[in-house]
Amino acid sequence: MAIMMANREAFGRTLVELGKRNQNVVVFDADVCTSTRTCLFRDAFPERFFQMGVAEQNMISAAAGMSTVSGLIPWVSTFAVFASKRALDQVSISVAYPRRNVKINGSYGGIPTGKAGATHQAVQDIAIMRAMPNMTVIVPIDGVEVERAVYAATEYLGPVYLRTTRHETPVVLNPETYRFQWGKAVMLREGKDVTLIGTGVKSVLALDAARILEKKGIDARVLHIHTIKPIDREAIIKAAEETCGIVTMENHSVIGGLGGAVSEVLTDERPVILKRIGIPDTFGESGDDDQIFRKIGLSVDNVVKTVKILLD
Amino acid sequence: MAEIIQIDELVDLAKRIRRKLLVTVGRAECGHLGGSLSAVEVLTALYFHFLRIDPSKPEWEDRDRFVLSKGHNTPLYYTVLAFRGYFPVDWLDTYDCMDSRLQGHPDMTKTPGVDMTTGSLGQGISAALGMAMAGKLLHKNFRVFVMIGDGEFQEGQVWEAIMYAGAHRLNNLICVMDHNKLQLASIIEEGLPIGPVAPKWEAFGWKVIEIDGHDMEMVIDGLKRAIAYGKGPVAVVAHTLKGKGVSFMEQVVKWHSTPPSREEMLKALQELDAPEEELAEWRS
């Protein structure tokens, strides 16, 4: 049984370690730190933690302003819905356009929000951030990768959108051996019949589906794309050349996220059949996370079914 | 040009800045004149009298900061920066042209001396707030000045920013409000009336100093008192006239961003006592 950990928890803990090593790191919150877990940083470094109140727009622009002073590196954290929509113009004009060295944690990505429903479920944040010039987008698979991504994002000079999730998910990467490479897809499983590409926690779904497919005699390659922008074009083209089709899966709308990004690369370089699994073009709803994932087809059964349709 | 102490010199400089920003807009055939002309005295006083800056080192860490939150008034901003020595004055002739370092709204990645990219109203005051917070965190003595418009006062983000600054008593933050009573499409009274502004700032924990924004002596005195206050953030409410200095532009809504014709340029420059050599260009 794999160790379970929520990506938000890994994020909160990593920030504390980062804070010890790097005095320039400061953290901004808009009254959700106990949920996004930046409360851990608040408790460890109160003087470098800024509670901005329920005011996301001011928070983003203030962080951009602070980033202009003496190399300070703001990590700004709120729910992904607010980072990507409520404060969208601030992210665009105060952060991305002038390439400020501001890191944004979009917490509560996708469906899992503790049954909060559509208002709190970020279904299009990846699409929004990906379309923004100068922005980079990282969606980690597990707690190990969250930690590495936080360090990589902090080292990178420029805007980063890091998407974390609320619910507990299995830790699949080996902390002893895993190396995070900016912009490089991770080959989680070799395979020659079909390629399953996941991002974030749904790369685990791709792994689970590959195991079932193996029993059915289908050899599936599994690629995990953590850096949605800049995306690893080579790995996608290679998958298109070496396997018979691609299925993407993500805890995000089927429009404009991982599926959209992969589709753009394929259309440009090497058209093959692509099936996109994700949140259909609807707002979310309250309910048990797994039940909703099953309902919308983010399930092993549906991935297996989709692969069979694709291969037929 | 270096720092200026004498008020009469500042008054004279303000007049030259008015003419140059008009010419910049006249040549580019675009640009926001009204709000540029209303803020001339304050920006002249800030850049030539108050700001601790070194134009040869625009990135100097301990410099005072200035953020033009009403970012559309670049004709004024760029003229002041050029006169102060951040870049050659002839750059102004590239204003708003393709590939220019002088964009329609301030771009800190392109223009030396611009401390923050602005243009989407409400964001600059938050950025200035963040700079002031950084100053406190790092125990630095620089001061942060920001200018907002009165139309901009309608943006919700402004209230988020001033609530934070007031609650945390940031005494290194001074906001000048260019209160010219007009917005893009109408006078403010007909757009969305903002009512009396002083009580609003005060309710959010700011000290308010009201001045005639075109009386250089009052501008200097008001900013001096704002800097000396020390107990929290200060709003300097500068009562001004949009289009100030050109009779046919003053308090006329259309001059928010309409470029003048050659005839109008000539008339405007004459009203501002332009010498003959500055007029020749506009005679048809």
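Tutor: Happy to! Keep in mind that this is a predicted model. In chain A, seven strands make up an open sheet, and their order is β3-β2-β4-β5-β7-β6-β12. The pairing in this sheet is mixed. At the edges stand β3 (49-51) and β12 of chain A. Each of these two has a single partner strand, so one of its sides is left without a neighbour in the sheet. From one strand to the next, the twist averages 20°.

Now find strand β7 of chain A, which covers residues 160-163. Which of its residues point one way, and which the other? Val160(A) and Leu162(A) point one way, while Tyr161(A) and Arg163(A) point the other way. To count as buried, a residue needs 20 or more other C-beta atoms within 10 Å of its own.

Next, look at the neighbours of β7(A). With strand β5 (residues 103-107) of chain A, β7(A) pairs in the parallel sense, over four bridges. One place to look is Asn105(A), whose bridge partner in β7(A) is Leu162(A). Strand β6 (residues 136-138) of chain A also runs parallel to β7(A), and three bridges join the two. Here Val137(A) stands opposite Tyr161(A) of β7(A). How does the chain get from β6(A) to β7(A)? The path goes through helix α8 (residues 143-155) of chain A, and this β-α-β crossover is right-handed.

Moving on from β6(A) to β12(A), you will find that these two strands pair in the antiparallel sense, over two bridges. Ile138(A) stands opposite Thr227(A) of β12(A). A helix packs on the sheet too: α1 (residues 7-21) of chain A touches β2, β4 (73-79) and β5 of chain A. The direction of α1(A) makes about 140° with that of β2(A).

As background, most residues other than glycine have a negative phi, and most peptide bonds are trans. Pro230(A) lies in the loop between β12 (227-229) and α10 (233-242) of chain A. The other spot is Asp31(A), which is not a glycine and yet has a positive phi, near 65°. You can find Asp31(A) in the loop between β2 (25-29) and α2 (33-36) of chain A. Because Asp31(A) has 14 C-beta neighbours inside 10 Å, this residue counts as partly exposed.

Let's step back to the whole of chain A. There are 13 helices and 14 strands in this chain. Its radius of gyration is 19 Å, close to the 20 Å that the globule rule gives for 312 residues, so chain A is as compact as a globular protein of that length. The C-alpha trace of chain A spans about 60 × 40 × 40 Å along its principal axes. Of the 312 residues in chain A, 58% are buried. Among contacts in chain A with a separation of 6 or more, 79% come from residues 24 or more positions apart.

Chain A also has a partner. Here 24 residues of chain A are in contact with 24 residues of chain B. On the side of chain A that touches chain B, α4 (56-66) and α6 (88-96) of chain A each supply at least two residues. The helix that gives the most to this side is α4(A), with eight residues. Sorted by class, this side of chain A has twelve nonpolar, nine polar and three charged residues.

Five strands of chain B form an open sheet in the order β1-β2-β3-β5-β4, and the pairing is parallel. Its edge strands are β1 (65-68) and β4 (207-212) of chain B, each pairing on one side only. Within this sheet of chain B, six bridges join β3(B) to β5 (residues 234-239) of chain B. There, Asp178(B) stands opposite Ala238(B) of β5(B).

Technical notes
Residues numbered from 1 in each chain as written. Chains lettered and ligands numbered in written order. Predicted model: local features only at pLDDT ≥ 70, side-chain atom pairs only at ≥ 80, totals over all residues. Buried ≥ 20, exposed ≤ 12 C-beta atoms within 10 Å, placed from the backbone. Pairing = 2+ DSSP bridges. Right-handed = clockwise from strand over helix to strand, strands pointing away. Axes fitted to C-alpha atoms, helices over the stretch in contact; angles between N-to-C directions. Contact = placed C-beta atoms within 7 Å. Rg over C-alpha atoms; globule rule 2.2 N^0.38 Å. Nonpolar A, V, L, I, M, F, W, Y, C, P; charged D, E, K, R; others polar.
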